[in-house]
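Please read this note with the model open beside you. Find each residue as it is named.

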Amino acid sequence: MSTERIFLIGAGGHAMVVMDALVIAGQDPSGVCFLDESEARVGATVFDRRVDRLREGIDFSADRFHVCIGDNAARQRIFEQVLASGATPQTVIHPVSTVALSAATGAGCFIAAGAIIGPAAKIEAGAIINHGAIVDHECYVGGFCHVAPGATLGGNVRLGLRVLLGAGANVLPGVTIGDDAIIGAGAAVTVNVPAQATYVGVPARRTR
């Protein structure tokens, strides 16, 4: 069991998921420290661990950290802020996920229980591959994306930066989705999606 200190930044529901994965993977809960920017969460507890304030001046240089925030842009902002302080990003992979030997996982990414990462897939820094999601062979998931529970990427799919793929969405093989695009829950994406666009439905169509 690891007794090193690790800061989990963010104290909402996703932080509970990350904490659970860490402990199951062998992290001593007493070494976990929660930080949050939200006044409403400071002083609360997550699994009996007090939430303290994320503020400037905290010395993270000897510690590990993981940003547990679902919002992609906020997760990237805080990740880069804490990384610049000298801390080491902690990648968290749940023991009952499946990650191919030839797959690559980036710094500070999260692979949840039941997720499957196929051969030669690449997951960049700060990305979330949530419960039961499938990232098939040779896919590329850009930094700070969120592949929500039950979503599926067919082979050779490419996601740009900060893409949000909604729960249960499906992306056909070979499709490219641009930076900051949003794919609605349950959508079936059959065509390339431009940056910053929102697509919903079956088959997925662009919305205003």
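1. Ground rules. This is a predicted model, in which local features need pLDDT of at least 70 and side-chain atom pairs count only at pLDDT 80 or more, while totals for chains, interfaces and linings use all residues. Residues are numbered from 1 along each chain as its sequence is written, and side-chain values use heavy atoms, with hydrogens and water left out.

2. Strands β1 and β2. Helices (H or I, at least four residues) and strands (E, at least two) are DSSP runs, numbered from the N terminus. Strand β1 covers residues 6-9 and pairs with β2 in the parallel sense, over four bridges. Pairing here requires at least two DSSP bridges between the strands. Look at Leu-8: its bridge partner in β2 is Phe-34. Between β1 and β2 the chain passes through helix α1 (residues 13-24), and this β-α-β crossover is right-handed. That term applies if, with the strands pointing away from the viewer, the path from the first strand over the helix to the second runs clockwise.

3. Strand β2 and its other partner. β2 spans residues 32-36, and four of its five residues are buried. Buried means under 20% relative accessible area, exposed over 50%, and partly exposed in between (1.4 Å probe, protein chains only). β2 also pairs with strand β4 (residues 49-53), in the parallel sense over three bridges.

4. Asp-36. This residue lies in strand β2. Is Asp-36 buried or exposed? Asp-36 counts as buried because its relative accessibility is 6%. Its bridge partner in β4 is Arg-53. Asp-36 touches residues including Gly-10, Arg-41, Asp-52 and Arg-53, not counting residues up to four places away in sequence. Contact means heavy atoms within 4.5 Å.

5. The cores. A nonpolar core is a set of buried Ala, Val, Leu, Ile, Met, Phe, Trp, Tyr and Cys residues joined through side-chain atoms within 4.5 Å. The largest has 34 residues, and Leu-153 is among those that touch the most other members. Beyond four places away in sequence, Leu-153 touches Val-135, Cys-139, Leu-159 and Val-171, among others.

6. The cysteines. How many disulfides are there? The count is zero, where a disulfide is a pair of cysteine sulfur atoms within 2.5 Å. Take Cys-109: the closest cysteine sulfur, in Cys-145, is 11 Å away, so the gap is too far for a bond. Cys-109 is buried, at 0% relative accessibility. Cys-145 is buried, with a relative accessible area of 0%.
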